Amino acid sequence: MGEDQEIDVNDIDQVAAAFEVNDDLGNIKKQDGTSLLGSDDGTKIINKYLEAEKGNKDPLTGLLNRRGVKEEFDKIREVLLREPGSLENVGLVALDLIGLHKVNDDKKLGPKVGDSMLQTAANHLSSSVRSMDLVSRWGGDEYLLVLLNITRENLIKVIEKMNSNLPDGIHFNIGFKNVGGYIDYKEEMENIMGRLNDIKEARPRDAAGRSTGEGAVIDLNEDIRIHEYV
């Protein structure tokens, strides 16, 4: 697709590429009930995200995007490999922002409030970790944190602190693991983000099968629940 060429929302390949950038677009409805994706406004938004994907930042939150967090970690990894043992304790934290799709679909709230949620969550996550750690918006309602030189015990402390002072309306399902050594970190990032559906299912449910509480924290090294936030 050329830089000046607008996306054709009827072209499935172009639409699929756009979904890789922001998979919420297909769920957003205009006030008349029609899909934003099939409108002129949707075309402009998709083009905006496709242009941003050429870089490494998420345009809404200012965080690293999926591509950006991988590239930044690659740079850090090259430095750390020069120091024996520096890559032995890397913490990966996958987060699902609870309730975003419900807010986006709500006629009284809608995407503007959803965007505000995403920005608030991003700011909270950024302020909860050290400046040397990486905070990214993986896509949609999903975030990935990469914490350097951190033990499992300290990683849990960071997560507990993060969840103890959440902004109003912000709650997460969280999965985390410690990795290290000469492994494929990009694959590990993909793997932990791929476990988010399992983490969502780990939330406690009532007799009718409805989710209760505000989220669960799962240690993916052990596949055990650390906390339920109710």
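Which residue caps the N-terminal end of α7? That is Asp184, with a side-chain oxygen 3.2 Å from the backbone nitrogen of Lys186. Bear in mind throughout that this is a predicted model.

Staying with α7, the buried residues in this helix are Tyr185, Glu188, Met189, Ile192 and Met193. They span an arc of only 130° around the axis, so they sit on the same side of α7.

Glu188 is in helix α7, and its relative accessibility is 18%, so it counts as buried with the cut-off at under 20%. Leaving aside residues up to four places away in sequence, Glu188 touches Leu92, Lys177, Val179 and Ile183.

Now the aromatics. How many aromatic pairs does a search of the whole structure find? It finds 2. Phe73 and Tyr185 make a tilted pair, 4.8 Å centre to centre and with 50° between the planes. Phe73 belongs to helix α3, residues 66-80, and Tyr185 to helix α7, residues 185-194, so this pair ties together parts 112 residues apart in sequence. Both partners are covered: Phe73 is buried at 1% relative accessibility, and Tyr185 is buried at 4%.

The other pair is Tyr143 with Phe172, edge-to-face, at 6.4 Å centre to centre and 90° between the planes. Here the link is between strands: Tyr143 is in β3, residues 142-147, and Phe172 is in β4, residues 172-179, so the parts tied together are 29 residues apart in sequence. Tyr143 is buried at 0% relative accessibility, and Phe172 is buried at 2%.

That brings us to the cores. The largest nonpolar core has 28 residues, and the members touching the most other members are Val93, Leu95, Leu97, Tyr143, Leu145 and Phe172. Two or more residues each come from β1 (90-97), α4 (100-105), α5 (110-128), β3, α6 (152-164) and β4. There is also a second, separate core of 24 residues, with Leu64, Leu80, Leu87 and Val179 among its members. Val179 is also one of the residues that Glu188 touches.

Next, the hairpin. β2 is mostly covered, with 6 of its 6 residues buried. β2 and β3 run antiparallel and are joined by 5 bridges. Across the pairing, Val135 stands opposite Leu145 in β3. The hairpin has 2 residues between its strands, and Gly140 takes a positive phi near 55° there.

Last, a backbone detail. Which residue other than glycine has a phi near 50°? It is Asn149, which sits in the loop between β3 and α6. Is Asn149 buried or exposed? Its relative accessible area is 56%, so Asn149 counts as exposed.

Note on methods:
Residues are numbered from 1 along each chain as its sequence is written. This is a predicted model: local features need pLDDT of at least 70, side-chain atom pairs count only at pLDDT 80 or more; totals for chains, interfaces and linings use all residues. Side-chain values use heavy atoms; hydrogens and water are left out. Rings of Phe, Tyr and Trp (its six-membered ring) pair if their centres lie within 6.5 Å; planes under 30 degrees apart count as stacked, over 60 as edge-to-face and the rest as tilted. Helices (H or I, at least four residues) and strands (E, at least two) are DSSP runs, numbered from the N terminus. Buried means under 20% relative accessible area, exposed over 50%, partly exposed in between (1.4 Å probe, protein chains only). Contact means heavy atoms within 4.5 Å. A nonpolar core is a set of buried Ala, Val, Leu, Ile, Met, Phe, Trp, Tyr and Cys residues joined through side-chain atoms within 4.5 Å. The arc is that of the directions from the helix axis to the C-beta atoms. A polar contact is a pair of N or O atoms within 3.5 Å; within protein, one must be able to donate a hydrogen and the other to accept it, and residues adjacent in sequence count only if both atoms are side-chain atoms. Two strands pair if DSSP finds at least two bridges between them.
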